[in-house]
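Hi,

Here is the structure for you to look through. My notes follow below it.

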Amino acid sequence: MMRHLLSTQDLGRDDALLVLDTAEYMATVAGRSVKKLPTLRGRTVVNLFFEDSTRTRTSFELAAKRLSADVINFSVRGSSVSKGESLKDTAQTLEAMGADAVVCRHPASGAPHRLAAWVRGSVLNAGDGIHEHPTQALLDAFTIRRRLGRVEGLSVTIVGDVLHSRVARSNVWLLSTLGASVTVVAPPTLVPVGVEQWPVAVSYDLDAVLPTSDVVMMLRVQRERMTAAFFPTEREYSRRYGLDADRLAAMPPSALVMHPGPMVRGMEIASDVADSTRSTVVEQVANGVSVRMAVLYLLLGGTREVP
Amino acid sequence: MTTPAPGRPTPGRPGPGTPGPGAPGQAGSAPGPRAGAPDSPGTAHTVLSGADIGRVLTRMAHQILEKTAGGNGVVLLGIPTRGVPLARRLADRVRAVEGVELGVGSLDPTMHRDDLQLRAVRPLAVTDLPDGGIDGRTVILVDDVLFSGRTVRAALDALAQFGRPRVVQLAVLVDRGHRELPIRADYVGKNMPTSRQEAVAVRLTETDGRDAVMILSEGAGR
């Protein structure tokens, strides 16, 4: 296992499977009478969030606490960061405090990579700009494997704002490493430049790919990152790329509907689809804790010196 | 679990210690040639053959029945990797002797170890408790080799996560001495005094394709 988790592109197949298998163990902890393990006693995990994210931060916090690590939440609001402190100064502060792991979310792509060069502890990328969100992809793969028994050989369709989605990028790399075939579906304006370098097929027609999809992963339209008009109206986007009951009916009966959250009901996903038994949205949240426990254990559970 | 010295570098460990068995000599039915470390470096010395292991396990099954008044409320929990098939074999023998069905499961103590930071990260194994849990039961932990006692200590902590057994006992195929904690086994297949330079290797059909217990002196297959 490596020292940092910055990108799913760095994860080989064996590493990825080790995370999923370890998460399988962690998932059993949630069912015990005592939901806490002493494994990371005495280790300090810092949640360093330069962007608001209640669910990811809470998930990491719970994961670290279930492993008995000490957790410090370092959020931008009210800290020196909003007074102009640089990322490097923040890193040095954390270093001086003896952080064993830094969970970093940042609006700039690549910020966790920079951070990794400045701190001695492990850095976990919890979402950087429009680049990557590796633990989300790992929990998605974990959810798929638990529901459908495997990832290899499945057809996974990722739909929506691919351009601004770090979830999409991380999933594309991870799922193809694990042997799934991935299709991205988006309006032409929301398909990133350079997509031809990705191990994916690209389509602009959702209805054409639904009948052959084992998993349909819906992405949120990230208005906060949109600096131009990418589609005419929300209604038109929703009509062409939203998942409603009719489209759900066009999918194979065993196919899953996934969404990384937060959902915009009525926009990319209809409310009755989000609440259907085919939707894994709530499971994804629970699985997120197990997967993050697995990653924290694998990064912090052994000796610091790489043998 | 092949059991080389725990915490490999072993810095500052006191010299020779007191070699010798911790428990009194209830040596197995296979006295075998004394495991006096062969002088030639790099040798593997078989101490128990497959047939010997079979006899030892049969005796242990009888002892379990005797000591637990017929196996009433007993749960055998194997410690991965090789404790798990050993627990199953003991349950099979108990069934053959008295027709009693014991609970069988596995308990992975890894997350409770105190030496995690001394080595590369360890993969986790399955924990699988029999239906009915362990509350109020007699839990017998089963492992292949008892050495420092640290695995057993971790297993005791892991057990507390699942409930409160009435009694916890320990069954091991081999006790090789060198305890670092006040822990002893209730059922011992074979007491096997060793030096720290040696490793005890247990091979089982379920995990390795054959049954044997060997002493590897330095350099042999390590």
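In which helix is the place of B:G83? It is helix α2 of chain B, residues 83-98. Keep in mind that this is a predicted model.

Is B:G83 buried or exposed? B:G83 counts as buried because its relative accessible area is 0%, and the cut-off for buried is under 20%. Leaving aside residues up to four places away in sequence, B:G83 touches B:G78, B:V142, B:D143 and B:D144. B:A51 sits 32 residues from B:G83 along the chain. The C-alpha atoms of these two residues are 18 Å apart.

Next, the contact between the chains. Chain A puts 19 residues into it, and chain B puts in 17 residues. About 1500 Å² is buried between chain A and chain B. Carbon and sulfur atoms give 57% of that area. On the chain A side, A:Y25, A:R32 and A:Y297 lose the most area to chain B. Together they make up 36% of what that side buries.

What about polar links? Six residue pairs are in polar contact between chain A and chain B, counting pairs with both residues at pLDDT 80 or more. The count of salt bridges between the two chains is zero.

Which elements of chain A give two or more residues to the side that touches chain B? They are α1 (13-29) and α11 (281-300). By type, the residues on that side of chain A divide into ten nonpolar, six polar and three charged.

Best wishes

Methods. Residues are numbered from 1 along each chain as its sequence is written. Chains are lettered from A and ligands numbered from 1 in the order in which they are written. This is a predicted model: local features need pLDDT of at least 70, side-chain atom pairs count only at pLDDT 80 or more; totals for chains, interfaces and linings use all residues. Side-chain values use heavy atoms; hydrogens and water are left out. Contact means heavy atoms within 4.5 Å. Buried area is the accessible area (1.4 Å probe) that two parts lose on being put together, summed over both. A salt bridge is a side-chain nitrogen of Lys or Arg within 4 Å of a carboxyl oxygen of Asp or Glu. A polar contact is a pair of N or O atoms within 3.5 Å; within protein, one must be able to donate a hydrogen and the other to accept it, and residues adjacent in sequence count only if both atoms are side-chain atoms. Helices (H or I, at least four residues) and strands (E, at least two) are DSSP runs, numbered from the N terminus. Ala, Val, Leu, Ile, Met, Phe, Trp, Tyr, Cys and Pro count as nonpolar, Asp, Glu, Lys and Arg as charged, and the others, Gly among them, as polar. Buried means under 20% relative accessible area, exposed over 50%, partly exposed in between (1.4 Å probe, protein chains only).
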